[in-house]
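Trainee: Before we look, could you explain the terms as we go and set each value against its definition?
Mentor: Gladly; here is the model.
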Amino acid sequence: MAILETRHIVKQFPKVLANDDINLTLQEGEILCLLGENGAGKSTLMNVLYGLYKPTSGTIVLDGEEVEFSSPRDAIDRGLGMVHQHFMLVDTLTVTENIILGSEPGSGPVIDYKTARQQVKELSERYGLQVDPDARIMNLSVGLQQRVEILKALYRKAKILILDEPTAVLTPQEVEELFAVIRTLRDSGVSIIIITHKLEEVKAIANRVYILRRGRIEGEREIADVTKEELANLMVGRSVVLTVHREPHEAKPEPVFTVENLRVLDDREVEAVDDLSLTVKPGEVVGIAGVDGNGQSELAEAIMGLRPATSGRILLRGNDIEHLTTRERINQRISHVPADRQRFGLVLPFTVAENIAIGYHDRAPNSRGLVLDYAGMEKQAEELISSYDIRTPGPLAPAAHLSGGNQQKVILAREFSRNPDFLLVNQPTRGLDVGAIEYIHSQILRMRGQDVGVMLISLELEEIFALSDRILVMYEGQIVKELTPAETDEREVGFYMTGGKERSA
Amino acid sequence: MNRTYSTALNAVMVVLGAIGSILWLGATFRSGETYYFWGIWLIVAAAGVYLVRYTLENGRDELLALVRKSLRSVVVPVMGIVVAILIGGVLMAITGYDPIAAYQALFYGGLVRNWHISVLNAAPLIFTALSVAFAFKAGLFNIGAEGQYYLGAMGATWASLYLGLPGIISIPLVFIFAALLGAAWNVVPAFLKVKTGAHEVITTMMLAHVARYLSPVFIRANGGDPATSLHPYVTFEILENNMLPSFSQFMEHANYRVHTGILLAIIVALVINFLLYKTRIGFEIRAVGENKDAARAQGISVGKNIFRALLIAGALAALAGFNQVNGLDHKLFENLQAGYGWNGISVALLAGGNPVGVVFTGLLWGMLDAGGQFMSRTTQTPSAIVEIVKGIILFLVVARYIYTAISQWWKRRKQKQTTAVAAGQA
C-alpha cells in the first residue's frame, strides 16, 4: 500500500525549476532511494515533503488523504521525520534533552525528565539504536549523533523517515551500522526515503530507486534488476566511464619533486610526519593512500609552506624550497588543490574571476602594476570557464553560488592553467558526484600526460587505483609500503593502511 | 562604445559632480540663496551622466540590473530610517510632544536652516567611519578609532603650531603627519594581533583611553594654562597658513565656519574605495577578511595584510582629528567631546562597510545631530528623542534578519492569496 505519494509536484525558484512534475510513491515498509547528482533537486523535493518549502503546484497524498504542510511542525504531526545532512542538535545538552526538545513530556512548565529518560531508553532498545541517554552530544561521535537524530524522529512517532545524504559524514564502519539500523527500522514498519548520490549505497540498501536529473524523474527501478552502470547513466544522462581510461605514459627518470627525511608537527605539537621521504617524477601520478589523520594534511601543508617542517628537505627540480614562503613556492610553479575546497581553496564571496586570479593577482593578466585589471581577469576567467566546463552564470558570479563540483572545477582551472611542474592534489573528488569525478580524474591524467609530476592524496582507494602509477601507503606519518597498482589489490593496500606489518624474514 | 566618448562623459560627470557637491555642501540656506538647489541638480545631473555612460557601455539590461542592485542595497537602510522615525513619532506622541512639529523642525533644521552644521558634523564622521569600514574589510574591528582620532588631532595641532611654510606645502605635510601618527598608534595592536593573536577590540579600545588622557598633557605643553581663565583647557591657535580654506573664501553667503574638510573626506572616501576594489593591496585585504585560510594557501600573507589594514584604519581615523583642528576649531580643546570615533562605528555599520556609502550615512548622521539640536531648541522636544531614533535606525539596519523575515512573510501572504484565488476559480 502506498503510504506517501506526490502528484505532479513542481517547485519553481526565481531562476531555477528545481522540481518538474514529480510523481513518486512510497510503499509502506520499504526503503526507497532517491538518486541524483548534486543539484538534481533531491533535497528540494524532500524539503517540499517536509513542509519547509511550499510546492508551486502539485499535491502530496499521505495515507490516501491530500495534505498541505505549512511548516515542518505539520509534517512531524502527520508522522514524517527528517534527518538532515547537518545535524540539528544542541551540543551542550544531553541525548535525552535533545530528543525531547520541542515535545517535552510533563505538565505545564515542568518537564518530566524521568519519564522522558525512560521513553528514550525504551525507544533505543526497541530499534536497536544503542546510545547513552545521559551523554552530552559534544562527547558523541558523528555516527552516534546521527542515531540521536533518528531517535528524535522516532520519538515524535515518525512512520516515514527521510534521511538526507546520511553516509556523507560517516566512516565505512559506521555506514555498515547505519544500514543495519535502517533495516531494523524497516522491519518494524517504518518507511524510509534515503537521498544519496552514491551508487554503491543504493545497491546495498534500497528496495527501489528513483533517479532524479535536472528536477525530473529520469526513471524508477527495482534494485534487483538494475546495474550500477545503468544507474550512473540515468543519473548523469549519458554514458559514464566509472573508471577513467588510463593511457600508458612513460615517466621521465629525473624526479621533479623530492621529499627527504621530512618531519612535521601537528597543531598539538605531536610529530605527524615522521622522517618521510618520497620522489615524484615528471609524468607520473604518485598516490598517497592512508586512513584520514595519518599525517597526510600535515605533509601537504608542509609542502606548500603553510606549516613549518622541523627537519628534512623539500626539493623542486633539485633546488631546496623548504626556506621559501608559500607565495615563492607558488611562483616556482607548484600547484595545489587543497582537501577542503571551501576553506582553503576558495574565497566564497569573491567572484569566479577573482577566485581564478587569486595567488596570481599580482601579475598580468590580472593586474597592471598595483592596479587590478578586471577586464583581463574576466577575459581569462571566461576562457577557463569554457575550457574547464564550469557551470556558472558568468565570471562575475560569487563562487558561493556554484555547486560543489563546479567550485572544484574553479580551483582546478586556476591551478592547472598555471603550467605547474609539480601538482599536489588532495582529495580532489570528496563529496562530488559521478559526472564531476569522471571529469576531474580525466583532467588529472591530462596533467600527467603533459609530464607534470602529480602527487595525489586520497582517502578513497578506488580513486588511488584509478589514477596512480605508484601507490605509497602512509601510516602514522611514514610511508610504510610502496606498491604498483597492477601487482596489488585494495585488500593489500588496506592491510598496510591499517598498520599491517610485512611478514618478512 | 568609443573610448574617447567614454572618457569625455566621465570627465563631464566628474566636473558636474564636483561642482554640484561644492555648491551643495557649501550652501547656506537663506532667502535668495540658490546654490543649495543648484548643487543638488548638478549632482543629479552627474548621476544621470553616469547612468547614460553605463548604458552606452553595457546595454540596457545591465543598467536595469545595476538599478535593481543599488535599490536592493539601499532598501534596508531606508526602511530602517522610516520605521525608526515612525517609532520615534509614537514615542513623542506618548510623552506629550507633537511629533509632526518636532519632525518638521528636525528636517528643517538639519537639511535647510542649519545645513552647514550638518556638513560640519559629517566630515569627521566620514573619516572615522572610513577607518572602521576599512578595518571591517580585513575582518578586523577597529573599535578604538576614537584614540587614533585624538592622536591625529594632537599631531595636527603640534605640526600646525610650528610649521610656517606656505599653505599649499604646509597643509599636505600636516595631513600626512597626522595620518602617520594615527597609523603609528595602531602598530602595537597590529603587532600583538599578528604575533600573539590578542584581539584588536581589546587593544585598540584600551589605547583609545590612553590617547584620550594624553590630550590634557599635550594641551598643557602647548598653551593650555589652567591658572588663567583665558586659556584653561585649550592650546594656542594654529598658524593661519595651516588652516583649511573655508567655503566663504570662494562662495558668497557660505557660512564662515564651513571648511573644505568635507571635500577632503569625500575625496579620501573615493580613494579608499579605489584602494579596496581596484588595487592588489585591496584585493589581498579583502581576501584575508573573507577567508584568511584560502588567502594564506594562495600565498597571501595574513599578518602583512592585518598590519596594512590596521595602520591605514589608524591613519583614516587620525584624519578626522586633522579635519577638526585644521578646518574647524583651529586649536585643540581638552574635551573634543563629540565622540566621533565611537559614532564612526555606527556610521560605518549603517553603510554596510561601503566606503562610498559612508559619505551618505555620515551626512545623514550629521544631519540628524544638527536637526536634533534645532528641534529641541525650537520645539522643546528633548534631543534624546533623536538619539533614540538613531539607535533604532542602527538596530533595524544591523539586524537585517528582521527585513528578511518581513519579506518572507510578505511572500507567503502573496502565495496564499494566489492559491486562494486559484481555489476560488476551481
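Mentor: Domain bounds come from an automatic or database domain assignment. This is a predicted model, in which local features need pLDDT of at least 70 and side-chain atom pairs count only at pLDDT 80 or more, while totals for chains, interfaces and linings use all residues. Residues are numbered from 1 along each chain as its sequence is written, and chains are lettered from A and ligands numbered from 1 in the order in which they are written.

Trainee: What are the domains of chain B, and how far apart do their C-alpha centres lie?
Mentor: The assignment divides chain B into domain 1 (1-58) and domain 2 (98-381), and their C-alpha centres lie 27 Å apart. Counting two residues as in contact if their C-beta atoms, placed from the backbone, lie within 7 Å, the contact takes ten residues from domain 1 of chain B and 14 residues from domain 2 of chain B.

Trainee: Why does the radius of gyration of chain A agree with a compact globule?
Mentor: The radius is taken over C-alpha atoms, and the globule rule is 2.2 Å times the number of residues to the power 0.38. For 505 residues the rule gives a value near 23 Å, and chain A has 25 Å, so the two agree. The C-alpha trace of chain A spans about 75 × 60 × 50 Å along its principal axes.

Trainee: What makes a residue buried, and what percentage of chain A is buried?
Mentor: A residue is buried if 20 or more other C-beta atoms, placed from the backbone, lie within 10 Å of its own, exposed if 12 or fewer, and partly exposed in between. By that test, buried residues make up 45% of the 505 residues in chain A.

Trainee: What makes β2 and β5 of chain A edge strands?
Mentor: Strands (E, at least two residues) and helices (H or I, at least four) are DSSP runs, numbered from the N terminus, and two strands pair if DSSP finds at least two bridges between them. Four strands of chain A form an open sheet in the order β2-β1-β4-β5, with antiparallel pairing. Within that sheet, β2 (17-27) and β5 (65-67) of chain A each pair on one side only.

Trainee: How do you know that β1 and β4 of chain A pair?
Mentor: Five bridges join β1 (residues 2-12) to β4 (residues 57-62) of chain A, where the definition asks for at least two. In β4(A), A:Ser57 is the bridge partner of A:Val10.
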